Each structure stands twice: as structure tokens, then as C-alpha cells.
Amino acid sequence: MAQTKNTRRVGPTEARAKQVNMRISPQKLNLVAASIRGMPVQKALNELEFSRKRIAGDVRKVLYSAISNAENNHNLDIDNLVVAEAFVGKNLVMKRFASRARGRSSRILKPFSEITIVVREAGEAA
């Protein structure tokens, strides 16, 4: 028996892209995501291109993926796209130990994050 078709998670004039297992804390990643929320996509790409944050390059790739999804899968005009949503979530945390004085140890937490970017045509956003 065939499986039923999944419903679309975004609207008819929206497209999204998601990346999981980004090796950065959610708090740091959210600073970059907040800098592009609500911007037109060309301005957001420029913002990420010249950002001094290390993770901005990976966020730029996710934004390019969302733009490509809008153009190829949903036939949206890429000149009218804006970043409707950019939100960050927690993912797994690697736990490591570091040696300390007097035979003790301390825990080192290495968090991972995930980011989802939704782009929308400007006519619908306004």
C-alpha cells in the first residue's frame, strides 16, 4: 500500500532549508541568524559574506540552499525573496574530560546546533 503524501510544512510562496550537526553552540549561531532575519536575500548574503563570525560561511550555504529550493522546487522569483525566518535549535552535546590539578578532572561540553532558514516572496511578506 502506498504511503500518503506528506503535507507541506511551509506556505505556497515559501521555501526552506535546514542543516543539522553544526559544530557551534546555539547561542553563537543565533547571533548570526538574528543578523539576517527579515532581510532581502541579496542583502543577507552580503551580510554573511563580510561577517567576522566563523560560522557565517556555513549559514551562507544554508541560505543558498533555501534560495535554490525556492527557485527550482517551488518556481519562486529569487529577486523578490526575503528571509522570513531563521531559527536555531539545540542538537547533541559531546562530553569530554580535561585533566586538572591534584588528580581531578573537569567536564568539557562541545555542543552542536541546527539552523532552519525559510525564505518567502516579498509580496506575501508585506
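Glu-49 is partly exposed, with a relative accessible area of 41%. This residue belongs to a predicted model, in which the salt bridges come to 3. The largest nonpolar core holds 28 residues, and a positive surface patch is formed by four residues, namely Arg-23, Lys-28, Lys-53 and Arg-54.

- Side chains of opposite charge can pair when their charged atoms come close.
- Arg-60 and Glu-49 meet through their side chains in a salt bridge, at 3.0 Å from N to O. Because Arg-60 is in helix H3 and Glu-49 in helix H2, this pair ties together parts that lie 11 residues apart in sequence.
- A salt bridge also joins the side chains of Arg-120 and Glu-14, with an N to O distance of 2.4 Å. Arg-120 belongs to strand E3 and Glu-14 to strand E1, so the contact ties together parts 106 residues apart in sequence.
- Glu-14 has a relative accessibility of 12% and therefore counts as buried, since the limit for buried is under 20%.
- Glu-114 and Lys-18 form a salt bridge between their side chains at 3.5 Å, N to O. With Glu-114 in strand E3 and Lys-18 in strand E1, the pair ties together parts that are 96 residues apart in sequence.
- Lys-18 counts as partly exposed, because its relative accessibility is 48%.

**Nonpolar core**

- Among the 28 residues of the largest nonpolar core, those touching the most other members are Ile-36, Val-59, Leu-63, Val-83, Ile-115, Ile-117 and Val-119.
- At least two residues of this core come from each of E1, H1, helix H2 (41–49), helix H3 (56–72), strand E2 (81–99) and strand E3 (105–121).
- H3 supplies the largest share of this core, with 7 residues.

**Positive surface patch**

- Arg-23, one of the residues of the positive surface patch, sits in the loop between strand E1 (14–22) and helix H1 (26–36).
- The relative accessibility of Arg-23 is 37%, so this residue counts as partly exposed.
- The patch also includes Lys-28, Lys-53 and Arg-54.

- Asn-21 counts as partly exposed because its relative accessibility is 43%.
- The position of Arg-102 is in the loop between E2 and E3.
- At a relative accessibility of 78%, Arg-102 counts as exposed, because exposed begins over 50%.

**Strand E2 and Val-82**

- Val-82 is placed in strand E2.
- The relative accessibility of Val-82 is 14%, so Val-82 counts as buried.
- From C-alpha to C-alpha, Val-82 and Met-94 are 35 Å apart in space, while 12 residues separate them in sequence.

Technical notes. Residues numbered from 1 in each chain as written. Predicted model: local features only at pLDDT ≥ 70, side-chain atom pairs only at ≥ 80, totals over all residues. Heavy atoms only, no water. Patch = residues over 30% accessible without salt bridge, like charges linked within 9 Å, V, L, I, M, F, W, Y side chains within 5 Å. Areas by Shrake-Rupley, 256 points an atom, 1.4 Å probe, with all protein chains shown as cover. Lys, Arg positive; Asp, Glu negative; His and termini not counted. Charge placed at Lys NZ, Arg CZ, Asp CG, Glu CD. Helix = DSSP H or I, 4+ residues; strand = E, 2+ residues; numbered from the N terminus. Buried < 20%, exposed > 50% of the residue type's maximum accessible area, 1.4 Å probe, protein only. Core = buried A, V, L, I, M, F, W, Y, C linked by side-chain atoms within 4.5 Å.
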